[in-house]
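Try each one yourself before reading the solution.

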Amino acid sequence: MSSAAAALHGAMPLPVRDVDVLLGEKDAVALFGSLGLPLSPGVPDDRFSSRMFATWMGAPLPVDLMAGFSLSKPEGWRLVEPRTREEVALPEGRVYMPSRLELADILDSFDRPKDRVRSATLRAV
């Protein structure tokens, strides 16, 4: 998760294969409708769950849209809600993402090898 945001922060630890977008539920309802995507829950696994999930294929890379994205921790499911928001201007428009250090903290919380590599690279930028 978050390889695109890590790359925008200047870290390129792994190839960017898709773009992950966290949305509020009201925004997801509006966006999914405008893109013609079904309002479907994500298929949970032992680590991640989303109240709404869809992949939009109308961009150069697949875009995973998630609302109510949660992470399973020993104490139960925890909603992933970034506290910071930084704007990045791209030729196609503006995008928003957590600060570099908050993104590193989020990746650390996922506790997967590929996310630890991204986190370490973000912290070194």
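Predicted model: local features only at pLDDT ≥ 70, side-chain atom pairs only at ≥ 80, totals over all residues.

## Exercise 1: the ring cluster

Task: find which residues the ring pairs link into a cluster, and say how the rings are set against each other.

Solution. Step one is the tally: searching the whole structure turns up 3 aromatic pairs. Step two, take Phe-48 and Phe-110: their ring centres are 5.0 Å apart and their planes meet at 85°, so this pair is edge-to-face; the cut-off for that label is over 60 degrees. Phe-48 belongs to strand 2 (residues 48–49) and Phe-110 to helix 3 (residues 100–110), so the pair ties together parts that are 62 residues apart in sequence.

Step three, move to Phe-69 and Phe-110. Here the centres are 6.1 Å apart and the planes are again at 85°, so this pair is edge-to-face too. Phe-69 is in the loop between strand 4 (63–67) and strand 5 (70–73), while Phe-110 is in helix 3, so parts 41 residues apart in sequence are tied together.

## Exercise 2: buried or exposed?

Task: decide whether Phe-69, Phe-110 and Ser-50 are buried or exposed.

Solution. The cut-off you need is under 20% relative accessible area for buried. Phe-69 has 5%, so it is buried. Phe-110 has 1%, so it is buried as well. Ser-50 comes in at 9%, so this serine is also buried.

What does Ser-50 touch, leaving aside its neighbours within four places in sequence? Ser-50 lies in the loop between strand 2 and strand 3 (52–56). Its contacts are Pro-41, Gly-42, Met-66, Ala-67, Gly-68 and Phe-69.

## Exercise 3: the buried side of helix 3

Task: list the buried residues of helix 3 and say what they pack against.

Solution. Going along the helix, the buried residues are Glu-102, Leu-103, Ala-104, Ile-106, Leu-107, Ser-109 and Phe-110. To make sense of a list like this, remember the geometry. An α-helix has 3.6 residues a turn, so residues three or four places apart point the same way. Then look for the partners: the buried residues of helix 3 pack against helix 1 (3–8), strand 2, strand 5, strand 6 (76–79) and helix 4 (113–124).

## Exercise 4: the whole fold

Task: describe the protein by its elements and say how compact it is.

Solution. Count first: there are 4 helices and 8 strands. From the N terminus, the order reads α-β-α-β-β-β-β-β-β-β-α-α. The radius of gyration is 14 Å, close to the 14 Å the globule rule gives for 125 residues, so the protein is as compact as a globular protein of that length. To finish, 34% of the 125 residues count as buried, and residues 24 or more positions apart make up 45% of the contacts with a separation of 6 or more.

Note on methods
Residues numbered from 1 in each chain as written. Heavy atoms only, no water. Helix = DSSP H or I, 4+ residues; strand = E, 2+ residues; numbered from the N terminus. Rg over C-alpha atoms; globule rule 2.2 N^0.38 Å. Buried < 20%, exposed > 50% of the residue type's maximum accessible area, 1.4 Å probe, protein only. Contact = heavy atoms within 4.5 Å. Phe/Tyr/Trp six-rings, centres within 6.5 Å; stacked < 30°, edge-to-face > 60°.
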